[in-house]
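Hi,

Here is the structure I promised to pass on. Have a look at it first, and then read on for what turned up.

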Amino acid sequence: MARERGGLCVPNLRASACAVVLVLGLGLRSLVAAQCKRGPVVFNFGDSNSDTGGYSAALGANFGLPNGRAFFPEGTGRLGDGRLIIDFLCESLNTSYLSPYLESLGPNFSDGANFAIGGAATLPRYKPFSLDVQVLEFLRFRSRSPLLLSRGYPNLVGEDGFGNALYTIDIGQNDLAGQFDHLPYSQVVQNIPTFIEEIRLAIWGIYKSGGKNFWVHNTGPLGCLPQKLATIAHNASDVDEHGCLKSLNDAARVFNRQLQSLCEELRSQMKNATIVYVDVFAIKYDLIANYAEHGFETSLMVCCGNGGPPYNYNPNITCGRSGYTVCDDASRHVSWDGNHYTEAANSFVASRILSANYSTPPIKFDFFCNV
């Protein structure tokens, strides 16, 4: 029997699943769930890497099967075959999956809300659903939720919840990807400080509203996405030893260094704030470079797509479009559709994030609900 969890129907997920179950290529791996001293509340900001259905809710898009087939098993607005990294992180806290802020059909915001929208970037500003718009949506939610809760409305967050909440930010990939569509490497790198400035403004805006716990993911190896490898003209000199585009990964590294510097700067400026910078790039690049060791059979070959080797990506026949094919066992693949990871790959990344070995400072994900 399925039960409702965070507005989603989760099959066969018993209460005993307090230990996060990570589906890896080599089998099952469990991590002990957090024993939070208070109910964890999470607010997430980002793009499709952490969008749990916001794009679908906002624009009426239907991401049906095979999306979601590995876990839900139905389309839930997630771009992937199952759970995302943010879902595994929420499981580690034994809390509900995050309902999209714009979901009007049965949302549950008692454990937080997800403002991430597929396709979102930091710029241009005031364009749905850029980072600044997501923060504006949060500020509206911030002002209304305690008031409505006091009037008897259920499934909202009280005043204390906002101050103790964790604010997760995972954005920047679309800024870089969009720039590379029409600009050379040198100009893309020149524009990176403008993206970082938008993240600065977002964190400050949340901090001024009372937020004090921030969890910031850097951007992944853009040059290892099959979509980029299949659509950007390149020769052998442009490719590193693992088959990834050097220039795109180098730009991601520049972005990440500046983002880390921003986090260091904000720690010195924000009184009583905790800001954790997480090197997701290192986790994902290790996964791609050593995919066989981690139980996968392919690192750059799309599970759901068209075209066959080496990438199985066709921009005219993407996952879900007429003519696509889908692999039998996505857990053997890192890439789901050329832009997004499989559930198995997401579980691998989440397990590394939860280890705190990639965090600066090395703080556990459940720190904020135990202080």
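How many of the residues of β9 are buried? Five of its five, so β9 counts as mostly covered, with buried meaning under 20% relative accessible area. Before you go further, keep in mind that this is a predicted model.

Let's stay with β9 for a moment. In a regular strand, side chains alternate between the two faces of the sheet. On one side of β9 you'll find Thr274, Val276 and Val278, on the other Ile275 and Tyr277, and all of them are buried. Both faces of this strand are covered, then.

Next, the sheet around it. β9 belongs to an open sheet of six strands, in the order β6-β5-β7-β8-β9-β12, with mixed pairing. At the edges sit β6 (112-114) and β12 (359-360), each of which pairs on one side only. With β12, the strand β9 (residues 274-278) runs antiparallel, and two bridges join them. Valine 278 has serine 359 as its bridge partner in β12, while tyrosine 277 has threonine 360 there.

There is a helix to find here too. Helix α6 (residues 185-208) lies across β5 (42-46), β7 (166-170) and β8 (213-217), and runs at about 160 degrees to β8.

Is serine 50 buried or exposed? Its relative accessible area is 3%, so serine 50 is buried. Leaving aside neighbours within four places in sequence, serine 50 is in contact with Asn44, Leu84, Ile86, Asn114, Ala116 and Asp170.

The largest pocket has a volume of about 890 Å³. Its lining is made up of 37 residues, and Ser48, Gly118, Gly119, Ala120 and Asn174 lie nearest the centre. Which helix gives the most to the lining of this pocket? That is α5, with six residues. α1 (54-59), α5 (173-180) and α7 (226-231) each supply at least two. By class, the lining of the largest pocket has 16 nonpolar, 15 polar and six charged residues.

The count of cavities of 30 Å³ or more comes to four, and I'll describe two of them:

- The largest cavity has a volume of about 130 Å³. It is lined by 15 residues, with Asn49, Lys284, Asn339, His340 and Tyr341 nearest its centre. Seven of the lining residues are nonpolar, seven polar and one charged.
- The second largest cavity holds about 70 Å³ of space. Ser50 turns up again here, as one of the lining residues, which also include Asn44, Ile86, Asp170 and His217. α2 (85-92), β7 and β8 each supply at least two residues of this lining, which divides into five nonpolar, five polar and one charged.

Over to you, and happy exploring!

Conventions
Residues numbered from 1 in each chain as written. Predicted model: local features only at pLDDT ≥ 70, side-chain atom pairs only at ≥ 80, totals over all residues. Heavy atoms only, no water. 1 Å grid on protein atoms, 1.4 Å probe; cavity = no way out; pocket = protein on both sides within 12 Å on 5 of 7 lines; lining within 4 Å. Points joined across faces, edges and corners; volume = space filled by probe spheres on them. Helix = DSSP H or I, 4+ residues; strand = E, 2+ residues; numbered from the N terminus. Nonpolar A, V, L, I, M, F, W, Y, C, P; charged D, E, K, R; others polar. Pairing = 2+ DSSP bridges. Contact = heavy atoms within 4.5 Å. Axes fitted to C-alpha atoms, helices over the stretch in contact; angles between N-to-C directions. Buried < 20%, exposed > 50% of the residue type's maximum accessible area, 1.4 Å probe, protein only.
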